[in-house]
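Take a walk through this protein with the model open beside the text.

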Amino acid sequence: MNAETDDSAPRKRTGSETRDRILTAANELFYAQGIRATSADRIIERVGITKVTFYRHFRTKSDLVVAYLEQQAEGEKQWMRSVRHQGDPEGSLKTLATQIGEASCSPGFRGCAFLNAAAEFADVDDPVRTTVAAHRDWMLEEFTDLAREAGAADAPAVGRQLMLLRDGGMVNGYLGEPTEVGASLGATFLAVLGDARTVDASRA
């Protein structure tokens with residue numbers, strides 16, 4: 001059988017495919033078992049590569065953790081954008097709360113990957129914390145924009161309240177009763193918007 005028709009030979013993986021496989025393993029292990037509890041050797045074993053190959057793609061474990069969080073951030077950005085209903089901030093927040101509740105009930109849910117990472121890295125100047133902070137800044141601006149869209153006079157303050165509720169909902173979904181998260185979080189989101197409108201109206 002000649003080379004043109006022999007399909008039995010293993011296909012050589014490209015560098016980008018190997019990098020993706022490392023990130024996939026990191027996503028699974030970092031989120032399920034914790035970042036510090038997961039060694040580079042454990043990921044190397046999971047992927048089935050050599051240390052040389054691993055360090056060719058990620059010079060340090062810290063580089064891999066940052067790449068993992070950046071991938072998590074991109075996924076969360078796409079998700080939050082997908083639940084936005086332009087011109088309907090209440091509907092956007094209700095959908096967001098419902099989907100957080102649904103995620104809380106899914107197997108393997110361990111809360112917010114960014115809160116988890118921040119809890120493991122105390123140094124605010126660590127690249128991991130810098131990556132966490134950058135994503136949370138983006139998220140806060142999303143909540144602030146929702147508050148502004150709802151007509152809140154002090155949109156930044158309301159945005160911070162909404163984000164605080166989101167964080168609490170993620171923690172409660174992991175440590176509390178997940179089936180109650182969506183409804184409770186949605187009702188509290190709307191109550192914050194309602195209170196903001198009441199205060200604004202009283203000042204008019």
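Of the 204 residues in the protein, 40% are buried. Buried means under 20% relative accessible area, exposed means over 50%, and partly exposed lies in between, with a 1.4 Å probe and protein chains only. The model is predicted: local features need pLDDT of at least 70, side-chain atom pairs count only at pLDDT 80 or more, and totals for chains, interfaces and linings use all residues. Residues are numbered from 1 along each chain as its sequence is written, and side-chain values use heavy atoms, with hydrogens and water left out.

Now the fold. The protein has nine helices and zero strands. Read from the N terminus, the order is α-α-α-α-α-α-α-α-α. These elements are DSSP runs numbered from the N terminus: helices are H or I with at least four residues, strands are E with at least two.

Next, the overall dimensions. The radius of gyration is 21 Å, whereas a compact globule of 204 residues would have one near 17 Å. The value is taken over C-alpha atoms, and the globule rule is 2.2 Å times the number of residues to the power 0.38. Along the principal axes, the C-alpha atoms fill a box of roughly 80 × 45 × 30 Å.

Contacts come next. Among those with a separation of 6 or more, 66% join residues 24 or more positions apart. A contact means heavy atoms within 4.5 Å.

Helix α6 spans residues 113–120, and its buried residues are Ala-113, Phe-114 and Ala-117. Which part of the helix do the buried residues of α6 line? They line one face, because they fall within an arc of 95° seen down the helix axis. The arc is that of the directions from the helix axis to the C-beta atoms. An α-helix has 3.6 residues a turn, so residues three or four places apart point the same way. The cover over the buried residues of α6 includes α1 (15–33), α4 (61–82) and α7 (127–149).

One of these covering helices, α1, holds Glu-17. Is Glu-17 buried, partly exposed or exposed? Glu-17 counts as partly exposed because its relative accessibility is 27%. Glu-142 lies 125 residues from Glu-17 in sequence, and their C-alpha atoms are 33 Å apart.

Finally, look at helix α8 (residues 155–175), where Gly-169 is found. Gly-169 counts as buried because its relative accessibility is 8%.
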